[in-house]
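I set out here what I looked up, entry by entry, in the order in which I looked.

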Amino acid sequence: MSSFSVLGLSRAMQTNLDRLGYQQPTPIQAEALPAVLGGKDVIAMARTGSGKTAAFGIGLIERLRPRHFAVQGLVLCPTRELADQVAKALRALARARHNIKVLTLCGGVAIGPQIGSLSHGAHIVVGTPGRVQDHLRKGTLSLAQLSMLVLDEADRMLDMGFSDSIEDILGQTPPTRQTLLFSATWPADIRRLSEGYQRAPVDIRVADTEPEPDIEELFYEIQPGQQTDALAAVLSQRQPAACIAFCTTKQQCDDIAETLSGRGFRALALHGDLEQRDRDAVLVRFANGSATVLVATDVAARGLDIQGLPLVVNVEPARDAEVHTHRIGRTGRAGEAGHAITFCTPKQGHRVTRLEQERRSELAWGETAELLAIPDQPVAPAVRTLVIAGGRKNKVRPGDILGALTGDAGLPASAVGKIDLFEFQSFVAIEAQSARKALRRLEKGRIKGRQFRVRMA
Ligand code: AMP
């Protein structure tokens, strides 16, 4: 395979890629980068994990003019989680050049601080369509000098109803801009978007080399009202380190998560009614392993980049086969079998029958009475999460938190896990048996010379 050196990248970028451990381009990067660096429009079929962020990010950063203080690059993403992830990746790539400012503009958080940050100037904006549109309307963001626009996970943005917003935003950019469109699927409305807004795009489709995940599925017929007991039984039996349980309604998510928590399981509900702060907290706790069960609606889970779970449970069968496939697709890694379990009441039987017809193969059913006889045995998570009421805006950095925990004969660094910083709060994963000690230290001690409120999540 070719290395990055044949792509004509700046020396600084090559050194930086080396530091990031990128030795050679992924297939999508090898195909897309020459076009991106050459200023051409690109339409690329790429999934998360393909290296698509660097495929546009390297080009975006190499082509920027750092001394020119105007928004030159805009990346539109379907969700805040993805936008945060992309911004983080771009900042890492931008270490190759001095003074490149990357700003995220997403909904669900106060707009005031974003306006403040915009007034200081930014080279690259990463955001969700709704909020970017808000700023354009208010006149706090101008795209008049934009040279590169990226639509990331364009199919998901269209699925989420952002089509009008995207067209509105595109209409406020110079027609000379370079437009890069990344999408995991190829429906007609993606092709229309490309035809409407791209000039002679280079079409890139990299063969999917990852094997289809191998998913073992099992179905259980249950009676209405047995969902929570059946879920508790599956969790007790299989002891998954992480599991998403899909529900249809927000109320059902809350009820099941609450009942499970009352029975000792570390379960959290995720649905569209959560405030952004709470959503952040839920996702961090699930990602760092301190909560093991996420009880979620399809809509809330759609924006998540959670893959490779050991277990997915459908508390109710999905209404159609496509949603079912999408749900269970979150389990199983390449080369490792995933497990998916679906509960179905007699009334919901037709949904499963349809699934069976589409697959043209028989489904495997488990013994419900045996399942329901399993006593509760909650999975004990190895970590707990501490929440600190201070974040990036308080100038707190991960190193400060680590220092406060480990300094002066404090905790060993090995007891401290992932540290997640947000604007005004931070989350620290701590080995369960050290969690109380860590809490006491942070309550008494100081971070960056200041005392912050701390609590156990
Ligand atoms: P993405 O598909 O953009 O989400 O990237 C998936 C992961 O691959 C990220 O963790 C990247 O840091 C990593 N990555 C991207 N490009 C390369 C590369 N050329 N070599 C090694 N890792 C990479």
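For residue classes I count Ala, Val, Leu, Ile, Met, Phe, Trp, Tyr, Cys and Pro as nonpolar, Asp, Glu, Lys and Arg as charged, and the others, Gly among them, as polar. With these classes I find that the lining of the largest cavity divides into five nonpolar, one polar and two charged residues.

**Basis of the entries.** I am working from a predicted model, in which local features need pLDDT of at least 70, side-chain atom pairs count only at pLDDT 80 or more, and totals for chains, interfaces and linings use all residues. Residues are numbered from 1 along each chain as its sequence is written, and side-chain values use heavy atoms, with hydrogens and water left out.

**Entry 1: the cavity.** I searched on a 1 Å grid over the protein atoms alone, where a cavity is a set of points at which a 1.4 Å probe fits but cannot get out; a pocket is an open set with protein on both sides within 12 Å along at least five of seven lines, and lining residues have an atom within 4 Å of a point. Grid points are joined across faces, edges and corners, and a volume is the space filled by probe spheres set on the points. How many cavities of 30 Å³ or more does a search of the whole structure find? I recorded one. The largest cavity holds about 40 Å³ of space. Its lining is made up of Pro317, Ala318, Asp320, Ala321, His324, Arg351, Val352 and Leu355. For secondary structure I use DSSP runs numbered from the N terminus, with helices (H or I) of at least four residues and strands (E) of at least two. Helix 14 (321-328) and helix 15 (349-359) each give at least two residues to this lining; helix 15 has the largest share, three residues.

**Entry 2: the second largest pocket.** I noted a volume of about 1,800 Å³ for the second largest pocket. Its lining has 46 residues, and those closest to its centre are Asp84, Lys88, Arg392, Leu421 and Phe422. Among the elements that each supply at least two lining residues are helix 5 (112-119), helix 12 (276-287) and strand 15 (416-421). Helix 4 gives the largest share of the lining, nine residues. By class, I count 21 nonpolar, seven polar and 18 charged residues in the lining of this pocket.

**Entry 3: the ligand site.** Which residues surround the ligand? Taking a residue as near when one of its heavy atoms lies within 4 Å, I listed Phe4, Tyr22, Gln24, Pro25, Thr26, Gln29, Thr48, Gly49, Ser50, Gly51, Lys52 and Thr53. This shell has three nonpolar, eight polar and one charged residues. I then looked for polar contacts, meaning pairs of N or O atoms within 3.5 Å; within protein, one must be able to donate a hydrogen and the other to accept it, and residues adjacent in sequence count only if both atoms are side-chain atoms. Oxygen atoms of the ligand lie 2.5 Å from a polar side-chain atom of Tyr22 and 2.6 Å from a polar side-chain atom of Thr53. A polar backbone atom of Gly51 is 2.7 Å from an oxygen atom of the ligand. The protein covers 66% of the 500 Å² of accessible area that the ligand has on its own, by the Shrake-Rupley method with a 1.4 Å probe; for residues, only the protein chains shown count as cover.

**Entry 4: single residues.** I call a residue buried under 20% relative accessible area, exposed over 50% and partly exposed in between (1.4 Å probe, protein chains only).

Thr342 belongs to strand 13 (residues 338-344) and is buried, with a relative accessible area of 0%.

**Entry 5: backbone angles.** Most residues other than glycine have a negative phi. Glu153 has a positive phi near 50 degrees; this residue lies in the loop between strand 5 (148-151) and helix 7 (154-159) and is buried at 7%. Ala200 also has a positive phi, of about 35 degrees. Ala200 sits in the loop between helix 9 (188-197) and strand 7 (202-205) and is exposed at 68%.
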